[in-house]
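Me: I'd like to learn how to read a fold like this one, feature by feature. Can we go through it together?

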Amino acid sequence: MTDSSAVAAPSAPKPITFAEFLESVPPSQVRQVTDLYRKPNSGPPVLSTPQLQLHCTSEKCNGLRFFRYFGQSAYLTLNQPSLLYLTYRCSNCLERHKIYSISVTVEPDYVGRCYKFGESPPYGPPTPARLIRLFGKNREIFLKGRQCENHGLGIGAFTYYRRVVESHKDQILGEIIRVSKKLGAPPEKIKALENAQRETQFSKALASVKDALPPVLLINGQNPLTLLHRALSKGVHQLSDEECLQIAHDVRVVLVELADRLGQALKDEAELNAAISRLMNPSTASQSSDQQPNQ
């Protein structure tokens, strides 16, 4: 008869490929890795160096690109960890590099255990520039929270994100007011937003504008300010580190989406205004066209 009180031990993570380890495992983590090395006819095992798909931040790329190993063959030591620095370079722009610091322990059948000390640029998806600009001089506080999140430090990430959002309540509301005015929102909603901007109490300010945002800024029909208020109003001492990490992740995702919608709304309105101006003054557009040099 099975003892129902017995608790099953947590299963170890499944083995992953070396490319997956480098691309998607955060620092301070150990994983069993397949296809880790190859065996030459003579000599020690040689580390595999698969191409990776990473975000390239150069102006030429600014997106997902292939990175290839940039260096000499890395030989592994049997029966003890090998400490390695690996450099990868973007195959498109040939400008941006990714550097990993790892420890590799060889096991049979081309498998091994890998530990990631760190990487540069830091692990994690890039933070949109418009979100960084929104936080201005406190951008470093947000980036510290991002670093804590990348390293699985939930309480630290939650605390940094709450601090930067609360201290930049006026800037966030200011951008929302700009969008509301551009889109011709009703005066009473704009006034509610302006009153909230003057309100010194963070919770009261966000609660007062739950119905004042333009529909274009809603996320899946939800007011992002309400979502942020609900998440950040929780007491950090009441939550586990894992719970704080999940909330911090969700707060960052909502902030990124809100910043993107703010930027897109202002961009679309500017483009629309330019189009209307050209249609209302066709002579100006034709004059501009006539001034173009002949090809």
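Me: Let's start with a proline. Where is the place of Pro 121?

Reply: Keep in mind that this is a predicted model. Pro 121 is in the loop between strand 9 (112-120) and helix 2 (129-135).

Me: Now a strand. Which residues of strand 7 are on the covered face, and which are on the uncovered one?

Reply: The general idea first: in a regular strand the side chains alternate between the two faces of the sheet. In strand 7 (residues 82-90), the covered face has Ser 82, Leu 84, Leu 86, Tyr 88 and Cys 90. Leu 83, Tyr 85, Thr 87 and Arg 89 make up the uncovered face.

Me: What sits between strand 7 and strand 8?

Reply: The two form a hairpin with 6 residues between them, and Leu 94 in the turn has a positive phi of about 60 degrees. There's another hairpin to look at, made by strand 5 and strand 6: it also has 6 residues between the strands, and Asn 62 takes a positive phi near 50 degrees. Strand 5 (residues 52-56) is antiparallel to strand 6, with 5 bridges joining them, and Leu 52 stands opposite Phe 67.

Me: Now a charged side chain. Is Lys 98 buried or exposed?

Reply: The cut-off for buried is under 20% relative accessible area. Lys 98 has 10%, so Lys 98 is buried. You can find this lysine in strand 8 (residues 97-106).

Me: What does the side chain of Lys 98 meet there?

Reply: A polar contact of 2.9 Å joins it to the side chain of Glu 119. Lys 98 also touches other residues well away in sequence, including Leu 54, Phe 67, Leu 86, Tyr 88, Pro 121 and Tyr 123.

Me: What about loops? Where does Asp 109 lie, and what is its phi?

Reply: Asp 109 lies in the loop between strand 8 and strand 9. Its phi is positive, about 60 degrees, although Asp 109 is not a glycine. At 65% relative accessibility, this aspartate counts as exposed. Have a look at Asn 220 too, in the loop between helix 7 (202-207) and helix 8 (224-232). Asn 220 isn't a glycine either, yet has a positive phi of about 50 degrees, and counts as exposed at 74% relative accessibility.

Me: Last one: how do helix 3 and helix 4 cross?

Reply: Two packed helices are described by the angle between their axes and the distance between the axes. For helix 3 (residues 139-150) and helix 4 (residues 154-167), the axes come within 8 Å and cross at roughly 160 degrees. That makes the two helices roughly antiparallel, and their crossing is left-handed. Among the residues that meet are Ile 141, Phe 142 and Cys 148 in helix 3 and Ala 157, Tyr 160 and Val 164 in helix 4.

Definitions and conventions. Residues numbered from 1 in each chain as written. Predicted model: local features only at pLDDT ≥ 70, side-chain atom pairs only at ≥ 80, totals over all residues. Heavy atoms only, no water. Helix = DSSP H or I, 4+ residues; strand = E, 2+ residues; numbered from the N terminus. Buried < 20%, exposed > 50% of the residue type's maximum accessible area, 1.4 Å probe, protein only. Polar contact = N/O pair within 3.5 Å; in protein donor to acceptor, adjacent residues only side chain to side chain. Contact = heavy atoms within 4.5 Å. Pairing = 2+ DSSP bridges. Axes fitted to C-alpha atoms, helices over the stretch in contact; angles between N-to-C directions. Parallel < 35°, antiparallel > 145°, perpendicular 65-115°, else oblique. Left-handed = near helix turned anticlockwise from the far one by under 90°. Lists of a residue's contacts leave out its neighbours within four places in sequence.
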